[in-house]
Structures are given as structure tokens and as C-alpha cells.
Amino acid sequence: MTARELDSAGITDPVLRAAYRRCRELNAAHGKTYFLATRLLPVDRRPAVHALYGFARWADDIVDVPEAGGDDGLRGERLAALQRRLDDGLRQEGGDEPVVLALADTARRYAIEHGHFRDFMAAMRSDLEVTDYATYADLRAYMHGSAAVIGLQMLPVLGTVVPREEAEPHAAALGVAFQLTNFLRDVGEDLDRGRVYLPADLLAGHGVDRELLLRCRDTGRQDRRVLASLREFEALTRRVYREAEPGLAMLDPLSRPCIRTAYILYGGILDAVARDGYAVLHRRAVVPRRQRATVAVDGLARVLAARLRHRNRSAPPGTPARPAQPATPARPVPEEVA
């Protein structure tokens with residue numbers, strides 16, 4: 001994490017600064033699409049986003065990465081240990097785990113509901129036991145903890161121009177849309193981990209089951225029934241993006257370009273999957289670098305325009321308009337509020 005970001009956020013303690021840097025490293029290494037979008041946020045809000053993502057990535061790696069967890073029993077023990085550290089950190093704003101330390105500090109600064117973190121950890125624990133979902137309703141219940149609460153955690157950091165509760169359903173839907181996109185992109189990789197996130201009833205409607213998915217994965221062949229189910233899952237995902245879209249205009253204008261960019265980039269993954277012939281059982285679809293760069297440049301232009309409008313609205317009457325420059329936007333929630 002850059003010193004400028006930490007300084008702008010008012011993070012001065014050396015141990016805490018190191019904790020936030022660790023979270024930024026996790027974001028940069030594992031979430032390239034989201035990390036790119038985060039660069040468009042006002043500098044003083046970036047550390048908080050890195051803390052939220054870094055914690056989520058840390059917990060997810062315990063569940064998903066063999067080197068990090070070993071067998072299910074050991075993974076369960078590690079998740080339980082992380083839960084204890086999380087509870088202690090949120091209660092005492094301390095601890096020896098850097099990612100938890102940064103998360104607890106962010107939760108305090110922005111008055112983020114602790115229940116969102118408990119719901120997230122419950123979803124992580126379920127990943128050790130649940131390997132498929134009978135219906136979309138079952139999957140959506142799981143995604144409340146694994147994805148929707150991420151959007152809800154982010155909302156106090158991003159800020160809104162409407163009452164927060166009005167924006168919350170759209171923020172939750174955006175978190176779900178992003179995760180559904182990942183599920184579609186990673187069907188083959190999840191299958192290798194023993195998991196199928198495509199609802200069983202959706203698959204069955206096209207004559208597909210786990211065995212057929214495994215056979216296609218093992219042989220490298222396509223099957224028209226699998227393709228039909230993947231197209232339906234893509235259509236379902238795009239409907240969730242439409243649920244989320246009205247929330248973009250509800251965000252603080254200074255944060256809006258970041259989330260709009262993430263919205264476009266993640267939607268681009270769906271386009272890449274379709275362009276690649278829905279070959280997600282065999283390879284991961286990738287958004288071309290040039291396309292990502294184009295979206296990022298557009299996002300940067302929107303950031304500069306938003307900062308210019310913000311500066312001009314804040315200037316006394318008669319002050320000449322000034323070009324947009326890196327600004328110090330709204331400060332975190334004061335300690336007495338948090």
C-alpha cells in the first residue's frame with residue numbers, strides 16, 4: 001500500500017500500516033479485476049477496501065487452496081481459529097493477525113455491522129461440507145454470506161447519496177452478480193475441488209448432472225446439454241446485474257466510477273465466456289487486456305470529472321473553476337460515531 005493512501009486515511013501506527021499493506025498485497029495478487037477498479041477510488045478509502053477484500057481472500061484461501069488448508073478437518077480448525085481471532089479483533093481492535101487487525105480497524109472507522117462478517121464466515125464453513133445446491137434459492141441463501149454481505153460491507157466505505165438502506169439491496173445484488181460470474185467462469189476449477197455451484201435443478205432441466213460435467217471435464221469434449229445449461233446460468237447472472245444496476249447512481253459520485261468500472265469488467269467476463277464458446281469446463285475465459293485498459297481509462301476520466309464537480313461545488317461563489325487533481329474526499333466515520 002502506498003504511503004499516500006495510508007496517510008490520506010489517517011493510518012499512522014506502523015503495525016497497522018503493515019497490516020493494511022498485507023491486505024493490499026492479497027488484493028493485487030488474487031483479484032486483478034477488482035484491484036484495478038479499486039485504484040479509481042479516492043485515495044483515503046482504498047485501504048478500507050483492501051482490508052475488506054484481504055480478509056475475504058484470506059478466509060477463502062483456507063477453504064480453497066490445498067497448501068493453505070490440507071484436509072477438511074484441518075481447514076475447519078483453521079477457520080475456527082480465524083473466527084476466534086476475528087471475534088477478538090472486532091471486540092478489542094487488536095490481535096496478532098495482520099489481516100484481522102486491518103479489518104477490525106476498518107470496521108471501527110466505518111461502523112460496519114459485525115454481523116456481516118459472521119455471515120461471511122458461516123458461508124466459508126459451509127464450503128467445507130456442502131458441495132452442490134439443489135435449487136437457485138439454496139444457492140442464493142449461501143451467497144448471502146459469501147457475496148451479498150461483501151457488497152453490504154463496502155457500502156459504508158463507498159458512501160451513498162440516498163439513505164443507505166435504499167442502496168443496500170442493490171449493493172447486495174452486485175456482490176451476488178460478481179460471484180455468479182466467478183461461478184460460471186470457474187466451473188471446471190470448482191469441479192476439480194469437488195464442488196458444483198450451478199443449481200442441480202437448472203442442470204437437470206437440460207439433462208445434465210455432475211457425472212456428465214465430470215465426463216466433459218475429463219475428456220475435453222463439449223456437450224450441447226451442458227452448453228444449454230451454461231447459457232441459462234449466464235442469463236440468470238445477467239438478470240442479477242440488472243437488479244444491481246440502479247444502485248450505481250445511489251453511490252457517492254467520488255466512488256461511483258470505481259464500482260461502475262468493476263460492474264463493466266465483471267460483465268465483460270460473461271462476454272468472454274460466451275465468446276469462448278462456454279468452454280469453462282476446459283479453460284478460464286479472460287477479458288482481453290486492451291479491453292480492460294479501455295474500461296479503466298474511461299473510469300479514470302469519470303473519476304477526474306467527478307472530482308472536478310466536487311471541487312467546484314465546494315468552492316465559494318465566484319471562485320474560478322479548477323482542473324481536477326487528486327483530492328482528499330470525505331473522512332472516515334469519526335470514532336465517536338463508530
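Buried means under 20% relative accessible area, exposed over 50%, and partly exposed in between, using a 1.4 Å probe on protein chains only. This is a predicted model, where local features need pLDDT of at least 70, side-chain atom pairs count only at pLDDT 80 or more, and totals for chains, interfaces and linings use all residues. Residues are numbered from 1 along each chain as its sequence is written, and side-chain values use heavy atoms, with hydrogens and water left out.

**Stop 1: glutamate 234.** Select glutamate 234 in helix α14 (residues 224–244). Helices are DSSP runs of H or I, at least four residues, numbered from the N terminus. Glutamate 234 counts as buried because its relative accessibility is 9%. Now show its contacts (heavy atoms within 4.5 Å). Leaving out residues up to four places away in sequence, glutamate 234 touches Leu184, Leu270, Ala274 and Tyr278.

**Stop 2: helix α2.** Select residues 14–30. At the start of α2, find aspartate 13: one of its side-chain oxygens reaches to within 3.0 Å of the backbone nitrogen of valine 15. Next, colour the buried residues of α2: Leu16, Arg17, Ala19, Tyr20, Cys23, Arg24, Leu26 and Asn27. Residues three or four places apart point the same way, because an α-helix has 3.6 residues a turn.

**Stop 3: aspartate 60.** Move to helix α4 (residues 46–64) and pick aspartate 60. At 18% relative accessibility, aspartate 60 counts as buried. Its side chain is joined to that of arginine 57 by a polar contact of 2.7 Å. A polar contact is a pair of N or O atoms within 3.5 Å; within protein, one must be able to donate a hydrogen and the other to accept it, and residues adjacent in sequence count only if both atoms are side-chain atoms. Finish at methionine 121: aspartate 60 and methionine 121 are 61 residues apart in sequence, and 9.4 Å apart C-alpha to C-alpha.

How values were computed: Helices (H or I, at least four residues) and strands (E, at least two) are DSSP runs, numbered from the N terminus. The expected span of a helix is 1.5 Å times one less than its number of residues.
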